[in-house]
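Please examine the sequence and the model before reading on.

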Amino acid sequence: MIDTFAQDVLKGLSAKNKYLSSKYFYDDNGSRIFQEIMNMPEYYLTDAEFEILSMQSKQIVNALHFSQPFNIVELGAGDGFKTFKLLEYLSKNNIDFNYVPIDISKEAIDALTKRLKERLPSIHIKPKVGDYFKILKQNKKSDFPSLLLFLGSNIGNYQEDKAIELLKLFNENMKQGDKLLVGFDLKKNPITIHNAYYDKHGITKRFNLNLLLRINRELDADFKIDDFDFYCHYNPLTGEVRSYIVSLRQQDVVLKKLNTSVSFRYNELIWTELSKKYSLQQIDELALASNYKTINNFLDCKHYFADSLWEKV
């Protein structure tokens with residue numbers, strides 16, 4: 001029986017318009033490359049959200065109106081760099097909470113746990129590796145209120161219907177009165193967005209092509225990385241950045257584990273990622289469509305980014 005990764009790769013590469021799911025970027029090597037992306041000067045998203053969580057932690061916590069103790073459950077915690085400022089504020093002010101970081105990368109979770117225990121020795125941390133929803137179902141049984149964190153504009157990776165579906169699933173695994181803090185990249189000067197995703201350092205290209213290396217490793221495929229390139233495009237009207245891997249020649253790639261091969265035309269595209277940008281009005285509309293009410297939008301000083309606080313209704 002082939003696993004979900006193999007099934008999804010086969011389905012995507014067999015489609016008329018080829019695609020690969022961006023959720024598979026984040027193997028351990030992909031997670032490391034993404035750290036490099038976040039450190040690029042052009043990649044404003046990290047700094048913008050870091051500013052919000054550094055400067056407005058008090059306002060965010062006050063807006064929760066939670067009794068203590070409460071849970072902070074972070075979906076896709078990564079290295080926890082931005083969240084640290086919120087956790088630091090809570091710890092320094094002796095606010096009683098449990099931090100539950102969730103990630104699919106064990107390497108990322110282990111590194112985060114070690115670093116947090118060193119920097120915030122009093123923190124109550126309950127790290128989890130695996131599927132969001134299995135872990136959220138367990139958390140729903142908690143007697144304490146919960147704040148879910150879905151930061152870093154991860155919601156932008158979903159088309160609207162899928163975003164609503166995901167947010168409703170979060171909602172179903174929350175208790176009445178629980179809250180969700182969602183990161184949104186805002187619509188802005190298209191040049192700023194273009195430079196963040198089509199970087200001159202070639203790091204985003206490596207991030208995308210690492211997905212082919214993962215397929216080589218896990219499915220015994222023979223993608224030749226030098227025969228593929230990277231392209232992305234931002235449409236300021238729809239707010240969508242779309243990323244692609246480009247086949248530089250006509251070629252066949254064998255996937256031995258699946259006992260199949262895939263043919264690529266010269267310049268054929270593999271769509272790898274959507275990264276949607278939102279207006280504040282669109283954020284409110286998405287909250288309503290997903291059974292939440294917007295409590296507040298916390299913005300950075302340039303209004304590049306919003307962490308939007310929602311309550312389950």
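## Helices α4 and α5

Helices α4 and α5 are roughly perpendicular to each other, a class that covers angles of 65 to 115 degrees, whereas angles under 35 degrees count as roughly parallel, over 145 as roughly antiparallel and the rest as oblique. The model is predicted: local features need pLDDT of at least 70, side-chain atom pairs count only at pLDDT 80 or more, and totals for chains, interfaces and linings use all residues. Residues are numbered from 1 along each chain as its sequence is written, and side-chain values use heavy atoms, with hydrogens and water left out.

Helix α4 spans residues 57–64 and helix α5 residues 83–92; their angle is about 70° and their axes lie 9 Å apart. Helices (H or I, at least four residues) and strands (E, at least two) are DSSP runs numbered from the N terminus. Ser57, Lys58 and Val61 of α4 meet Lys85, Leu86, Tyr89 and Leu90 of α5, where contact means heavy atoms within 4.5 Å.

## Helices α1 and α10

Helix α1 (residues 4–14) packs against helix α10 (residues 203–219) at an angle of about 125°, with 11 Å between the axes. This angle makes α1 oblique to α10. On the α1 side the contact involves Phe5, Ala6 and Val9, which meet Arg214, Ile215, Glu218 and Leu219 in α10.

## Aromatic pairs

Rings of Phe, Tyr and Trp (its six-membered ring) pair if their centres lie within 6.5 Å; planes under 30 degrees apart count as stacked, over 60 as edge-to-face and the rest as tilted. By this rule there are 19 aromatic pairs. In one of them, the ring centres of Tyr198 and Phe230 are 6.0 Å apart and the planes stand at 70°, so the pair is edge-to-face. Tyr198 lies in the loop between α9 (190–197) and α10, and Phe230 in strand β7 (residues 228–235), 32 residues apart.

Tyr198 is partly exposed at 34% relative accessibility, while Phe230 is buried at 6%. Buried means under 20% relative accessible area, exposed over 50% and partly exposed in between (1.4 Å probe, protein chains only). One aromatic cluster is formed by Phe25, Tyr26, Phe34, Tyr43, Tyr197 and Phe207.

## Surroundings of Ser146

Ser146 belongs to strand β5 (residues 146–150) and is buried, with a relative accessible area of 0%. Leaving aside residues up to four places away in sequence, Ser146 touches Phe66, Asn71, Val73, Asn139, Lys175, Asp178 and Lys179.

How values were computed:
Axes fitted to C-alpha atoms, helices over the stretch in contact; angles between N-to-C directions.
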